[in-house]
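Dear colleague,

Please read them alongside the coordinates.

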Amino acid sequence: MFAAGWSDRRQEIVAFTVSSIEDASGAPFTLAENSNGYQSPGVTSAENFQGFGGPFSVTPETIDHVAETILELQRQQRPEHGGAYSIGGLVELVEVTREGVSAKILKRWPDQIGELIQPSPMDWAAWRARKKQKHTTSALAASGVQTGSVIKLSRHERRAAEANARSKA
């Protein structure tokens, strides 16, 4: 289990884990502070490269994309020892700050409650291209460009619109 919250005394977010087995955090059922985050199942470097197509960084501006990509990578992991796929339903990003807690749904999959999770095979190059197009369309819309019809912008105009949208975020 992973839990996080705001510490008034420390003026920062604090996180803790409890595991039912002995692991790196300690003995079973022992509350342990966790300053590195939590990810299960783990994602390998090769899987990260597959999903991100290269190096990536986590910033407030990229967290939605990084979270969705990592969960999509985890969803695609083959179950060990004949087990079942374990990532499904939806991706919810929860942000804990001093001001409070907010949550938003980043992704919903067509999984059915009570049914086995059956992820479709992933074409990662096509997936990354769709994500990039979605980001560009969102950036254009945020900068006031209508995206419902064909838009013809020069590379300079497109980059200026994207930079403008990033500065407003």
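Which residues in α1 meet which residues in α2? E47, N48, G51 and F52 of α1 meet H65, V66, T69, I70 and L73 of α2, contact being heavy atoms within 4.5 Å. By class, this contact of α1 with α2 has four nonpolar, four polar and one charged residues.

This is a predicted model, in which local features need pLDDT of at least 70 and side-chain atom pairs count only at pLDDT 80 or more, while totals for chains, interfaces and linings use all residues. Residues are numbered from 1 along each chain as its sequence is written, and side-chain values use heavy atoms, with hydrogens and water left out.

Helix α1 (residues 45-52) packs against helix α2 (residues 63-76) at an angle of about 120 degrees, with the axes 10 Å apart, helices being DSSP runs of H or I with at least four residues and strands runs of E with at least two.

As for the second largest pocket, about 940 Å³ of space lies in it. Its lining has 27 residues, of which E61, T62, D64, H65 and H135 lie nearest the centre (on a 1 Å grid with a 1.4 Å probe, a pocket is an open set with protein on both sides within 12 Å along at least five of seven lines, and lining residues have an atom within 4 Å of a point). α3 gives the most to this lining, with eight residues.

Best wishes

Note on methods:
Axes fitted to C-alpha atoms, helices over the stretch in contact; angles between N-to-C directions. Nonpolar A, V, L, I, M, F, W, Y, C, P; charged D, E, K, R; others polar. Points joined across faces, edges and corners; volume = space filled by probe spheres on them.
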